[in-house]
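Look at the sequence and model first.

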Amino acid sequence: MAFASSFRRALSSGSSILKSQLGSIRYNSTLTSPRLFVSGLSRLTTDEKLKEAFAPFGQLVYSKVITDRATGRSKGFGFVSYTSIEEAERAREGMNAKYLDGWVIFVDPAKSREARPPPPPPYPEQQPSEMGFRTNKTVGWSG
């Protein structure tokens with residue numbers, strides 16, 4: 001028990017140092033493209049509200065709140081793209097950890113989408129054989 005309380009005390013006393021170091025790590029990554037990833041969006045944030053919030057920092061090319069296909073509700077993140085990296089950097093500095101629709105949003109560089117591997121075949125036992133024939137290995141009654 002004494003160890004736990006001393007551990008908590010050590011974390012709480014050094015937490016400001018730790019937070020500042022983590023904040024600088026998150027913020028110091030340099031932009032390589034003018035596209036930004038915006039997380040922490042409210043469910044009420046629309047494409048228009050996102051565009052209005054980021055418009056003062058430069059000429060927007062693209063702003064989109066990502067929505068769920070089934071429900072149409074916001075997933076809580078979106079993307080913003082500018083014409084230049086300098087504009088994107090200004091927007092990142094100006095909007096990171098700010099309030100939008102009552103929620104704190106975070107602005108980070110957008111990463112490129114990773115290629116997905118092709119899906120596996122549905123039934124591996126029905127692969128064509130060396131001769132080109134398919135065999136059905138289903139066992140049971142077929143009446």
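Lys49 counts as partly exposed, at 34% relative accessibility. Partly exposed lies between buried (under 20% relative accessible area) and exposed (over 50%), with a 1.4 Å probe and protein chains only. This is a predicted model: local features need pLDDT of at least 70, side-chain atom pairs count only at pLDDT 80 or more, and totals for chains, interfaces and linings use all residues. Residues are numbered from 1 along each chain as its sequence is written, and side-chain values use heavy atoms, without hydrogens and water.

The structure holds three salt bridges. A salt bridge here is a side-chain nitrogen of Lys or Arg within 4 Å of a carboxyl oxygen of Asp or Glu.

| Pair | N to O distance |
|---|---|
| Lys64 and Asp47 | 3.6 Å |
| Asp101 and Lys49 | 3.8 Å |
| Arg92 and Glu89 | 3.8 Å |

Lys49 pairs with Asp101. Lys49 lies in helix α3 and Asp101 in the loop between β4 (98-100) and β5 (103-109), so the pair ties together parts 52 residues apart in sequence. Helices (H or I, at least four residues) and strands (E, at least two) are DSSP runs, numbered from the N terminus. Asp101 is partly exposed, at 32%.

Lys64 and Asp47 form another salt bridge. That pair links distant parts of the chain: Lys64 sits in strand β2 (residues 60-67), Asp47 in helix α3 (residues 47-54), 17 residues apart. Lys64 is partly exposed at 32%, and Asp47 is partly exposed at 30%.

Where do Arg92 and Glu89 lie? Both are in helix α4 (residues 85-95), three residues apart, about one turn of the helix. Arg92 is buried, at 0% relative accessible area. Glu89 is partly exposed, at 23%.
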